[in-house]
Amino acid sequence: MKLWGGRFRKETDGLVNDFNASIQFDARLYREDIEGSLAHAEMLASCGIISQEDHAQIKAGLEGILADVEAGKVEFTAANEDIHMNVEALLTGRIGEAGKRLHTARSRNDQVAVDLRLYLRREIGEIMEQILSLQQAILDQARQHQNTVMPGYTHLQRAQPVSFAQHLLAYGEQLRRDVTRLADCKKRMNVCPLGSGALAGTTYPIDRHQTARLLGFDGPCSNSLDGVSDRDYALELLSDLSILMMHLSRLAEEVILWCSWEFKFIELDDAYSTGSSIMPQKKNPDVAELVRGKTGRVYGDLMGLLTTMKGIPLAYNKDMQEDKEPVFDAVDTVKMCLPVFTGMLETMRVLPENMRRAAGGGFINATDCADYLTKKGMPFRDAYTAVGNLVYYCAQHGKLLEELELPELQSISTLFDEDVYQALRLENCMGQRKSYGGPAVEETTRQIEELAQFIKDARAGAPAEDGV
């Protein structure tokens with residue numbers, strides 16, 4: 001008989017039972033469910049709602065179930081629908097009447113809400129650590145390539161010279177924001193819904209603040225209706241994970257381009273590449289491609305839950321059972337992508353000569369040429385036009401700006417002198433960009449130090465601050 005079966009006189013249809021059950025996916029909440037039940041039982045005993053003897057039996061029974069589940073000795077059943085009723089049925093079967101008192105002053109509605117918050121709070125911590133490991137891989141590569149000149153791009157057209165370090169550090173900043181977003185989400189979700197009951201609280205003299213403290217929450221949810229019906233924290237997490245995956249996907253796209261023969265800026269390690277079943281020469285960036293593809297999957301998880309939640313009146317509705325699968329899927333996907341992506345970046349071989357060769361084309365020192373004239377007294381707009389004419393001349397004659405003879409330059413402006421060749425040298429173009437956040441070594445050194453400190457502070461548990 002179902003634990004809720006008192007008012008029913010017929011057995012649940014088999015199809016309905018299978019359709020209604022969630023144990024096939026919420027079984028992973030067993031630890032959190034038992035953790036929440038232990039705190040609830042302790043509070044009930046402290047408030048005199050159950051006896052100390054019952055509490056002792058419940059505590060021992062729950063701890064035994066937890067040990068048996070983790071030892072693989074427990075098989076959950078769809079007949080008990082979900083993880084909450086499976087655990088309760090096991091407990092009652094083991095300790096008898098005392099087990100039936102555990103559910104006093106609570107509902108599955110607040111039970112599942114606290115389970116999910118506990119679970120996601122733990123998962124967020126693990127994901128943040130994985131992001132920090134990825135940032136460390138970026139940092140290690142950046143330290144080696146502060147002087148590696150490469151073309152920076154806009155519109156995927158060569159634009160201005162940057163260092164490979166600065167390019168990678170831009171992703172370090174994106175990941176820094178991802179960490180702080182997750183930290184914010186974790187803080188916002190850290191309130192306890194247990195004690196909200198089905199929707200309207202309870203007539204028992206419970207102490208919700210005690211339960212919150214026992215479970216490590218900052219306090220109880222302020223409104224019992226909101227306590228059982230709120231899934232903002234799950235949506236916020238899915239949004240944060242979607243943004244994170246977007247950042248990974250953008251870097252994945254660059255990796256795919258960089259290791260192609262058209263770019264050949266990097267070479268991926270054999271351990272992070274795959275081959276072709278028919279073309280023996282192929283070395284494919286499948287890791288990057290899969291991360292790029294799985295980004296859409298996480299987006300889908302977010303859109304699915306947003307759509308599920310958009311028309312649900314207060315308080316709990318069975319639709320909300322659909323919250324777990326997209327959340328679990330997104331968490332699993334992100335936790336699978338981050339370590340393999342980190343390994344790919346740690347082991348890739350950078351090819352500075354190819355980057356420098358690419359930077360030599362495309363007139364990416366044209367802005368520096370215009371700046372040279374501006375510093376000699378020419379208004380920038382006039383300098384812009386003059387250099388545009390030079391670029392046209394070079395394109396017609398198959399030359400680079402730095403290959404022009406001084407008379408050719410002076411035919412456009414008499415302000416050009418021998419020192420222009422130093423101004424046009426790509427290493428100088430990059431090195432002179434010392435403005436805050438730029439590619440000059442002084443600036444990438446500062447960025448590296450800041451990112452290293454951020455990783456250190458985050459791992460030490462210091463409050464995360466957004467990058468500027």
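The chain carries 51 positive and 69 negative charges, and their mean positions lie 2 Å apart. Lys and Arg count as positive and Asp and Glu as negative, while His and the chain ends are not counted. Each charge is placed at NZ of Lys, CZ of Arg, CG of Asp or CD of Glu.

This is a predicted model, in which local features need pLDDT of at least 70 and side-chain atom pairs count only at pLDDT 80 or more, whereas totals for chains, interfaces and linings use all residues. Residues are numbered from 1 along each chain as its sequence is written, and side-chain values use heavy atoms, with hydrogens and water left out.

## Overall dimensions and surface

Along the principal axes, the C-alpha atoms fill a box of roughly 100 × 50 × 40 Å.

Of the 468 residues, 49% count as buried (buried is under 20% relative accessible area, exposed over 50%, partly exposed in between; 1.4 Å probe, protein chains only).

## Secondary structure and contacts

There are 20 helices and 4 strands in the chain. Helices (H or I, at least four residues) and strands (E, at least two) are DSSP runs numbered from the N terminus.

Among contacts in the chain with a separation of 6 or more, 76% are between residues 24 or more positions apart; contact means heavy atoms within 4.5 Å.

## Backbone exceptions

Most residues other than glycine have a negative phi, and most peptide bonds are trans. The bond from Leu314 to Ala315 is cis, with omega near 5 degrees; Ala315 sits in the loop between helix 12 (286–309) and helix 13 (324–347).

His155 has a positive phi, near 55 degrees. This residue lies in the loop between strand 1 (149–154) and strand 2 (157–163) and is exposed, at 76% relative accessibility. Phi of Phe363 is also positive, near 55 degrees. Phe363 belongs to the loop between helix 14 (352–359) and helix 15 (366–375) and is partly exposed, at 21%.

Asp301, in helix 12, is buried but has no salt bridge (a side-chain nitrogen of Lys or Arg within 4 Å of a carboxyl oxygen of Asp or Glu). Its nearest side chain of opposite charge, Arg297, is 5.3 Å away. Leaving aside residues up to four places away in sequence, Asp301 touches Leu238, Pro326, Asp329 and Ala330.
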